[in-house]
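Colleague: Could you walk me through reading some features of a structure? I'd like the general idea, then the case at hand.

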Amino acid sequence: MSTNEKIPYKIYLSEEEMPKEWYNVRADMKNKPAPLVNPGTGKPMTAEELSGVFCKELVDQELDDDTKNIPIPEEIFNFYKMYRPSPLVRAYCLEEKLQTPAKIYYKFEGNNTSGSHKLNSAIAQAYYAKKQGLKGVTTETGAGQWGTALSMACSYLDLDCVVYMVKVSYEQKPFRREVMRTYGASVTPSPSDTTEVGKKILAEHPGTTGSLGCAISEAVEYAVTHEGYRYVLGSVLNQVLLHQSVIGLEAKKACEKYGIEPDVIIGCAGGGSNLGGLISPFMGEKLRGEKDYRFIAVEPASCPSFTRGKFAYDFCDTGQICPLAKMYTLGSGFIPSASHAGGLRFHGMSPVLSQLYHDGMMDAVAVEQTAVFEAAERFARVEGILPAPESSHAIKVAIDEALKCKETGEEKTILFGLTGTGYFDMVAYEKFHNGEMSDYVPTDEDLKPGFDSLPDL
Ligand SMILES: *Cc1c(COP(=O)(O)O)cnc(C)c1O
């Protein structure tokens, strides 16, 4: 410990040290992520086609594989200043508890009302919608963090916010819903009868509790059938990874300030936005051959896109109305087991991260949910923060890595993303405490219908 005594428990950058530009990791990738494809024509989506669904400037960001640094507009920067920089925390207490020679750091993104990193992209997407003169934006939300973040951003900018919330979450998390309504959003449980695609899904699967893919279809339909509305998405897309690079840029600067050199960088992976954001600047160094890091994506064993998915073109939504993305996917027909409580339930993965994983630039592991909640509780009891179940996937693997160091005596430096807080997830914690949580892992047979739903391309 003696060499690290100079490192404070929490490292905060000053306002002046906050990044003024986002970093676009695609600029440093030799193998670019595959383009979005129009399911009708089988050809790459043009900017014009995309601008019917997304805001214009966000379309430009989506398609830009070459510009390395993109300035953060002043209005967004000013909003960031309300809750950023986020701290880089040295987990001294956890290290002590584990008796590990490893040094553990986490970048904590839960210090805002929405409770997660999602606000970093929500404010950017709302800003560009406002700048384009739109009336409002539509979106889906699963666990509710993205919808909350977007409703905060929209109320700040005086934009209408229409949220389709996966029905099971709508019912299990009424307080999330009320936070969104407090910020002025309208929240509809999905599938609903307010859209054609919702009606169709309800007819085919009566009693369904919904899925993210289904809520996306409804939100897109609302946007394209209402004048002055566009659709926004909280993860997966290239533009979202770009906005989330603010996490990695701050983390890297904080590391440099104190001479911290991470060996392993770990993040949970749902659609890939926090992980992509955290690792981007470090991955850039690796891609340019300047430095080496081990990157680990952690996903739930019950929704294993990276570790058991196929790298293929697929729909992002159940209704199959969105463009096709080439990604690691379980198929848009995949719906995670109802016993799955830990979030990260999207069937696909960011095309950027998918390409990097395919090229062997990063690793992925799948973990079972009771082990995730054990890690969450262990962490909460020594570090104080009550982590989101999603974030706890990263905690689980960070602890595993630290315990390996204990065996080998290696003094590795581990950095992980602590994406948010878990106050709205107490139903899942309750299940865990009552011993009612099961570790369902889908069989190959269970995964087959999802794979069968993959389009031929
Ligand atoms: C949404 C969310 C995630 C997963 O999304 P990614 O796009 O994979 O980052 C992880 N943690 C929290 C707290 C979230 O809200």
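Colleague: Are aspartate 65 and arginine 26 buried or exposed?

Modeller: A word on the source: this is a predicted model, where local features need pLDDT of at least 70, side-chain atom pairs count only at pLDDT 80 or more, and totals for chains, interfaces and linings use all residues. Residues are numbered from 1 along each chain as its sequence is written, and side-chain values use heavy atoms, with hydrogens and water left out. Now, buried means under 20% relative accessible area, exposed over 50%, and partly exposed in between (1.4 Å probe, protein chains only). Aspartate 65 and arginine 26 are both buried.

Colleague: What joins the side chains of aspartate 65 and arginine 26?

Modeller: They meet in a salt bridge, at 3.3 Å from N to O. The term stands for a side-chain nitrogen of Lys or Arg within 4 Å of a carboxyl oxygen of Asp or Glu. Aspartate 65 sits in the loop between α2 (56-63) and β3 (69-71), and arginine 26 in the loop between β2 (21-23) and α1 (47-50), so this pair ties together parts 39 residues apart in sequence. Helices (H or I, at least four residues) and strands (E, at least two) are DSSP runs, numbered from the N terminus.

Colleague: How many salt bridges does the structure hold?

Modeller: There are 28. Another one joins glutamate 95 to arginine 90, with the closest N and O atoms 2.6 Å apart. Glutamate 95 counts as buried at 4% relative accessibility, and arginine 90 does at 1%. Some bridges form a network, which links Asp28, Lys68, Arg288 and Glu290.

Colleague: Which helix holds both lysine 252 and glutamate 256?

Modeller: That is helix α11 (residues 238-257), where the two are 4 residues apart, about one turn of the helix. Lysine 252 is buried at 15% relative accessibility, whereas glutamate 256 is exposed, at 51%.

Colleague: How many residues does the largest nonpolar core have?

Modeller: Such a core is a set of buried Ala, Val, Leu, Ile, Met, Phe, Trp, Tyr and Cys residues joined through side-chain atoms within 4.5 Å. The largest has 76 residues, and those with the most contacts inside it include Trp22, Ile76 and Phe306. Helix α5 (residues 119-131) gives this core its largest share, 8 residues.

Colleague: Which residues does isoleucine 76 touch?

Modeller: Contact means heavy atoms within 4.5 Å. Leaving out residues up to four places away in sequence, isoleucine 76 touches Trp22, Ile123, Ala124, Tyr127 and Tyr128.
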